[in-house]
Amino acid sequence: VAPPRHVGNLEEAMLGTMRRLGVEGARVEGLRGVFIRGAGGRLLKAGAVGVAVAAGISSHGLALNVEIDPKAFDLIVPCGLPDVGVTSLHLHAPAPLSIDEASDILAGELRRIYGGDLAIRTSF
């Protein structure tokens, strides 16, 4: 899979996870990651993705904010986006959720996109 398509697939897996958790997420043209519209329509980043390719080998990952404290990001400019805030899914979900639940759903979304034999390694 070409790197841009791979990044799009990782975003789609995060969006599928958000949908299944009852959280409305979206892509934003020109930006990478997944976003939620907060109070007053402010754009909030809920998930990030990164991919690097060197010598034909890809290193990649994603971060879906499930149970973080967004205030921890107040002193930095996350992802170089000064007008975008950071949020956590637990603040937008209609029911309590856990990292374990979200990671199981995310793994299922990745398998749906890439195929059932996909090996997934998670770390927290």
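Arg 20 sits out in the open, exposed at a relative accessible area of 54%. In this predicted model, the side chain of Arg 20 pairs up with that of Glu 109 in a salt bridge, with N to O at 3.5 Å. That pair links distant parts of the chain, Arg 20 being in helix H1 and Glu 109 in helix H2, 89 residues apart.

The salt-bridge count comes to 6. One of these joins the side chains of Glu 11 and Arg 27 at 3.0 Å, N to O. Glu 11 belongs to helix H1 (residues 3-20) and Arg 27 to the loop between H1 and strand E1 (34-37), so this bridge ties together parts 16 residues apart in sequence. Glu 11 is buried at 1%, while Arg 27 is partly exposed at 41%. Arg 27 also meets Glu 12 in a salt bridge, here at 3.6 Å, and Glu 12 is partly exposed with 23% relative accessible area. Through shared partners, salt bridges join Glu 11, Glu 12, Arg 19, Arg 27 and Arg 32 into one network.

Over on helix H2 (residues 99-114) we find Asp 104, which is exposed at 58% relative accessibility. Together with Glu 67, Asp 100 and Glu 101, Asp 104 makes up a negative surface patch. Ser 103, also in helix H2, counts as buried because its relative accessibility is 18%, under the 20% cut-off. A polar atom of the Ser 103 side chain lies 3.0 Å from the backbone oxygen of Asp 100.

Conventions
Residues are numbered from 1 along each chain as its sequence is written. This is a predicted model: local features need pLDDT of at least 70, side-chain atom pairs count only at pLDDT 80 or more; totals for chains, interfaces and linings use all residues. Side-chain values use heavy atoms; hydrogens and water are left out. Patches are made of residues with over 30% relative accessible area and no salt bridge: like charges are joined within 9 Å, nonpolar side chains (Val, Leu, Ile, Met, Phe, Trp, Tyr) within 5 Å. Accessible areas come from the Shrake-Rupley method with a 1.4 Å probe; for residues, only the protein chains shown count as cover. A salt bridge is a side-chain nitrogen of Lys or Arg within 4 Å of a carboxyl oxygen of Asp or Glu. Lys and Arg count as positive and Asp and Glu as negative; His and the chain ends are not counted. The place of a charge is taken as NZ of Lys, CZ of Arg, CG of Asp or CD of Glu. Helices (H or I, at least four residues) and strands (E, at least two) are DSSP runs, numbered from the N terminus. Buried means under 20% relative accessible area, exposed over 50%, partly exposed in between (1.4 Å probe, protein chains only). A polar contact is a pair of N or O atoms within 3.5 Å; within protein, one must be able to donate a hydrogen and the other to accept it, and residues adjacent in sequence count only if both atoms are side-chain atoms.
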